[in-house]
Amino acid sequence: MRENELVTSATRQPETPAAGIPPRLIATDLDGTLLRDDKSVSPRTVAALAAAEEAGIEVFFVTGRPARWMDVVSDHVHGHGLAICGNGAAVVDLHGGPGAHRFVKVRELARENALDAVRLLREAAPGTVYAVEQTYGFYQEPDYPKLHMEIPDNLAPAEELLAEDGPGAAEPVLKILAYHPSIDPDAFLTLSRMAIGDRANVTRSSPSALLEISGPDVSKASTLALCCAERGISHEQVVAFGDMPNDVEMLTWAGQSYAMGNAHPDVIAAASGRTVANNDDGVAVVIERMLERL
């Protein structure tokens, strides 16, 4: 969900926390983290991911992207092939390839909560426009900008899109997107969290004033914790990577975590370590050093 812009220009060498419990799972964000700015996965990163899997360490892609945007990594899923999409709203099996992904777990945003969030944010930030992300469908208001390079399935006010008899009524809502054309992105995030309260979880992964609103307890961290519990993996055995505010909870939860060299200041504060930027293969750098210690 992140656009091709750097948040900071820091590129210092990785700071590696002291070796402790051997890692069993790598959880990595995609845009601005694993992916380079051209949305490619470098050969070095592909090799590092494969080496981690060969060493018995699972790799989870944990992203704000919807399942239909996962073609950028579908060729690199190795092993189980699971990914956490929509900031924790869905666990998806990528083995079917683009357009044939299987939803393993869905943590939906109740329509009542979504409608409350829209109403409260409209009052707090007039001029906000919305889109609705569902398991397979994407719907938006007429004034919502063309941010996602795709044609929406339906154009209508958010209240109609989220109605029980709305155009996507047969599918669960994964998250809603809220965009404001003029408010500072961090200020918009703070304002929305205050306005919406416990009705939903609000975060962002774009440098623009684009918010991502999920179920009250849904985040990358909470869904990753569920997946790890199913595998008997503790948070101390997880190594996580990220660059934007939607990664903060995951980086705080993981036993070892790394902010990218291009990361948002809140991410740098949350992580236990730091690596170089996404364009410099920061994830691969850490994985290579980690495998040398095993």
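These legends accompany several close-up views of a predicted model.

The model is predicted, and local features need pLDDT of at least 70, while side-chain atom pairs count only at pLDDT 80 or more and totals for chains, interfaces and linings use all residues. Residues are numbered from 1 along each chain as its sequence is written, and side-chain values use heavy atoms, with hydrogens and water left out.

**View 1. The whole chain, to get your bearings.**
The protein chain has nine helices and 14 strands; these are DSSP runs numbered from the N terminus, with helices being H or I of at least four residues and strands E of at least two. Of the 294 residues in the protein chain, 57% are buried. Here buried means under 20% relative accessible area, exposed means over 50%, and partly exposed is in between, using a 1.4 Å probe and protein chains only. Among contacts in the protein chain with a separation of 6 or more, 62% come from residues 24 or more positions apart, a contact being heavy atoms within 4.5 Å.

Helix α5 covers residues 185–196, twelve residues in total. From first C-alpha to last it reaches 16 Å, close to the 16 Å expected at 1.5 Å a residue; the expected span is 1.5 Å times one less than the number of residues. The buried residues of α5 are P185, F188, L189, S192 and I196. Seen down the helix axis, these buried residues fall within an arc of 100 degrees, so they line one face of α5. That arc is taken from the directions from the helix axis to the C-beta atoms. Covering the buried residues of α5 are elements including α3 (111–124), β9 (173–179), β10 (201–203) and β11 (210–214).

**View 2. The two ends of α5.**
At the start of the helix, look for D184: one of its side-chain oxygens reaches to within 3.1 Å of the backbone nitrogen of D186. Just after α5, G197 takes a positive phi of about 60 degrees.

The structure holds 19 salt bridges, each a side-chain nitrogen of Lys or Arg within 4 Å of a carboxyl oxygen of Asp or Glu. D186 forms a salt bridge with R204, with the closest N and O atoms 2.8 Å apart. This pair links distant parts of the chain, since D186 sits in helix α5 and R204 in the loop between β10 and β11, 18 residues apart. D186 is partly exposed at 32% relative accessibility, whereas R204 is buried at 4%. Another salt bridge joins the side chains of D116 and R199 (2.7 Å, N to O). D116 lies in helix α3 and R199 in the loop between α5 and β10, so the pair ties together parts that are 83 residues apart in sequence. D116 counts as buried at 18% relative accessibility, and R199 as partly exposed at 25%. Salt bridges that share partners join E112, D116, R119, E123 and R199 into one network.

The side chains of E58 and R231 meet in a salt bridge (3.4 Å, N to O). E58 belongs to strand β2 (residues 58–62) and R231 to the loop between α6 (220–230) and β12 (238–242), so the pair ties together parts 173 residues apart in sequence. R231 counts as partly exposed, at 25% relative accessibility.

**View 3. Two aromatic pairs.**
The structure holds two aromatic pairs. Rings of Phe, Tyr and Trp (its six-membered ring) pair if their centres lie within 6.5 Å; planes under 30 degrees apart count as stacked, over 60 as edge-to-face and the rest as tilted. The ring centres of F103 and Y136 are 5.2 Å apart with planes at 80 degrees, so this pair is edge-to-face. F103 lies in strand β5 (residues 102–106) and Y136 in the loop between β6 (129–134) and β7 (138–140), 33 residues apart. F103 is buried at 18%, while Y136 is exposed at 56% relative accessibility. For F241 and Y258, the ring centres are 5.4 Å apart and the planes at 20 degrees, so the pair is stacked. F241 is in strand β12 and Y258 in strand β13 (residues 256–259), so the pair ties together parts 17 residues apart in sequence. Both F241 and Y258 are buried.

**View 4. L49 and its neighbours.**
L49 is found in helix α2 (residues 43–54) and counts as buried at 1% relative accessibility. Leaving aside residues up to four places away in sequence, L49 touches L34, V59, F61 and I287. L49 and E288 are 239 residues apart in sequence, yet 9.3 Å apart in space, C-alpha to C-alpha.

Methods. Polar contact = N/O pair within 3.5 Å; in protein donor to acceptor, adjacent residues only side chain to side chain.
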